[in-house]
Amino acid sequence: MKFGPLPVSSAAGHLLAHGLTIAGQRWAKGHLLSEDDCRRLAGAGLAEIFVAQLAPGDVPEDVAASRLAGVLAGDGLIVLPAAHGRANLAARADGVLRLDPAMVGDVNAVDEALTLATLADGARVARGEIVATVKTIRYAVGADSFAAAMMAAAPIDVAAFVSRRIAIIATTLPGTSDKGLAKTARVTRARVQALGCDWQELPPCAHEAGALAAAIAAADADIILIAGASATVDRDDVIPAAIVQSGGHVERLGMPVDPGNLLCLGYVDGRAVIGLPGCARSPKRNGFDSVLEQLVAGRRVLGADIAAMGVGGLLPEAERPQPRAGAIAGPVGAVVLAAGRSSRMAGPHKLLAVWQGKPLVAHVVDAIMAAGLPPPVVVLGARGDDVREALAGREAHFVSAPDWEDGLGRSLAAGIGAVPGDWAAALVCLADMPRIEPELIAAMAAAPGDVAVPVWQGRRGHPVRWSRAHFPALRALAGDAGGKALLAGLELTEVPAPSDAILDDIDTPEALAALQLRR
């Protein structure tokens, strides 16, 4: 690829290197210049512009990113559509990321024009979360470099969590506190259930190897957790000795993770037995979380695996485990707010404006249906008949907000009031966001927690998903106060967005004109 200035008269067929505004229209960098474009540039007084000239065999930025991401996408991953030279890989399910760090270095060593960034090997990820990104730095990659990067790449996987039966046995000594036992059980149960596993609390036993060995042998579980009354500091201590007496072996005593040093891991008849470190009584993340997540994801954790956890094993004191709250239990649908007057457009109604062959509101409804959600609730107000007509042929539940003129809050209240009784949650979607991706909507519907919000480069956007527990508060909204007024103080699940579409706000003629220039 050749990059540099070129006379406007010779620029047709090449890529615009720097964004320009011509006659009030924004031309993005990377725009393929046509003969007509060059005439317009000359008419604007430009004699020379910077362009990128692709050489024979060069692989364009989006193609390079998408194809490399395709090689990297192993089990449990999906490649999101490439844009601006970037292709993201997102997790299909909650689980643990598995990759070869050396492979990542090999790909990045091929050519600075092509980069790969990932989360750490062994990282816990949520469904829909972006775990890796391929970025083409220039507008194209040379054929030889691209071929070398493809050869260096190897699949990255997400091992999904599988529901396991997990039991806890507490051991006691004289003076062991019932309150302490209850707290340990409560905190551990939250960890286990956040991974989608079944929980069983077995009766406590004496802190003695024989008694504990009998309890281990009698436990009917895939993973057995031991909350010892005293810390384990030697292989002849109570918990390791009980594992051996049960016919098992101790795989590792101690781990290079702090907090979590005093963990003990063994196996009895193929079942993992974990002696909990004392810090497991706290909800703060510790080494136990890493081992448990790997086991639930189906990996047999070995002593060498624990030994390798030392890099990154010094955990921040303030870090918390970020347990994944359970998924929404029941159908999730969408409410589309399409009742506004569109007064800032100073003329045409924005929702009826045509982009890529159909009205803006139709793009939103089509994305909802493509995501696999049930027919949405569409809230009508101003130009209600026209909006309904714009959605002709599409399955939807229409509701008119009688007091829509009182503000967004009343339209939202009407929509939530019309939600079918079996919906466990609803995505509140704005009707003027035609670029919203079905992949994001599906990820939002599947995200854990009561309230989920999409995030792009640190900025939150729409839609927002609310569980049924918040419906009464949403129905009580008034004036122009939308759902944002209720977010303060809530625990939110942030869902990474594949693009800036979540920030769209097509409220003005200028915003609509900018949208029309987009592909």
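This is a predicted model: local features need pLDDT of at least 70, side-chain atom pairs count only at pLDDT 80 or more; totals for chains, interfaces and linings use all residues.
Residues are numbered from 1 along each chain as its sequence is written, and side-chain values use heavy atoms, with hydrogens and water left out.

**View 1. An open sheet of 3 strands, in the order S11-S9-S14, with antiparallel pairing.** Strand S11 (124-125) and strand S14 (157-160) are the edge strands, each pairing on one side only. Strand S9 (residues 95-98) runs antiparallel to S11 and is joined to it by 2 bridges. Strands (E, at least two residues) and helices (H or I, at least four) are DSSP runs numbered from the N terminus, and two strands pair if DSSP finds at least two bridges between them.

View 2. Ile-169 counts as buried because its relative accessibility is 0%, where buried means under 20% relative accessible area, exposed over 50% and partly exposed in between (1.4 Å probe, protein chains only). Beyond neighbours within four places in sequence, Ile-169 is in contact with residues including Leu-202, Pro-203, Leu-212 and Ile-226, contact meaning heavy atoms within 4.5 Å. Gln-200, 31 residues apart from Ile-169 in sequence, is 9.1 Å apart from Ile-169 in space, C-alpha to C-alpha.

**View 3. The buried residues of helix H2.** In H2, Glu-61, Ala-64, Ala-65, Leu-68, Ala-69 and Leu-72 are buried.
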